[in-house]
Amino acid sequence: MHFGAIDLEIAQGLLQSLQSLRPDLVVVSGDLTQRARSHQFQHARRYLDVIPFPRIVVPGNHDIPLYNVYHRFQKPLKKYQRYITDDLAPFFEDEELAVLGMNTARSLTFKNGRVSVKQMHDIARKMCAVPDEKFKILVTHHPFLPPPDFPKEPIVGRARRTLKTIEHCRLDLLLSGHFHQSYAGGTHAVHTMLRHSVLVIQAGTATSTRLHHREKNAYNVIHLRPNIVDLTVQRWNGRHFEAEQSERYLYKDHRWHKAY
């Protein structure tokens, strides 16, 4: 979202689009601010408060101060926890799905992220206890799968070890941001050591002017059914968000396959 570098017209258009869709859950996968300044967090909080739907929010690397060395290393997420939420492992569960958010932003790196060993244990403790009949989702800022057109982009640190835990708990879906690109695919395309594939869906740039690779502002609408995921990318056309493309993914023979 990158408050501090947003397009106000697009931000308003996103609110209107969400109001028309009435989602069961809104996921914000990090980088709520551009430079982790108080007024940017305040703006982001006011914006989130207007969204009348349940939400899962996680921080990104831009939500850690860049130039204030003391706060970067001693209190990296103090403002995020003050203005957005003090819960760095938010959890949502209903009769159909369970969603766990996880902070991958770190003080020691300016851009990349990492999963800690403790966080792997937290995933196992929380998600292995959820019945496999429910759709299980993990939300991070840093991705587990690189963009198809840029396969050498760095993914989240300790991805392989974390994916073994994710596989053990039979998670179905990974949602992330960071790259400002909309793409999706199964983990088996890169992480061949996994027996069970996990579907990855990446968020594009929702409200920010920070556009990458000439990709216009967009957000994902995801419809879930057992072993079926329908993904629609809502793209800004200069006036409002509209459905640009739709894809269906089917889980069969331990892998997620793109149906169309």
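Throughout this talk, a residue is called buried when its relative accessible area is under 20%, exposed when it is over 50%, and partly exposed in between, computed with a 1.4 Å probe on protein chains only. By that scale E244 is partly exposed, with a relative accessible area of 44%.

Good morning, colleagues. Please note that this is a predicted model, in which local features need pLDDT of at least 70 and side-chain atom pairs count only at pLDDT 80 or more, while totals for chains, interfaces and linings use all residues. Residues are numbered from 1 along each chain as its sequence is written, and side-chain values use heavy atoms, with hydrogens and water left out.

I begin with the salt bridges. A salt bridge here is a side-chain nitrogen of Lys or Arg within 4 Å of a carboxyl oxygen of Asp or Glu. The structure holds 12 of these. As for terms, helices (H or I, at least four residues) and strands (E, at least two) are DSSP runs, numbered from the N terminus. R235 is buried, at 10% relative accessible area, and E215 is buried as well, at 15%.

Another salt bridge joins K136 and D132, at 2.8 Å from N to O. K136 counts as buried, with 1% relative accessibility.

I turn now to the disulfide. How many disulfides does a search of the whole structure find? The search finds one, a disulfide being defined as a pair of cysteine sulfur atoms within 2.5 Å. The partners are C128 and C169, with their sulfur atoms 1.9 Å apart. C128 lies in the loop between α5 (117-127) and β5 (135-139), and C169 in the loop between α6 (159-168) and β6 (173-176), so the pair ties together parts that are 41 residues apart in sequence. The torsion about the S-S bond of C128 and C169 is about -80°, so this disulfide is left-handed. C128 is partly exposed at 34% relative accessibility, whereas C169 is buried at 2%.

Finally, consider P226, in the loop between β9 (218-225) and β10 (228-236). P226 is exposed, with a relative accessible area of 69%. Its C-alpha atom is separated by 15 Å from that of D94, 132 residues apart along the chain.
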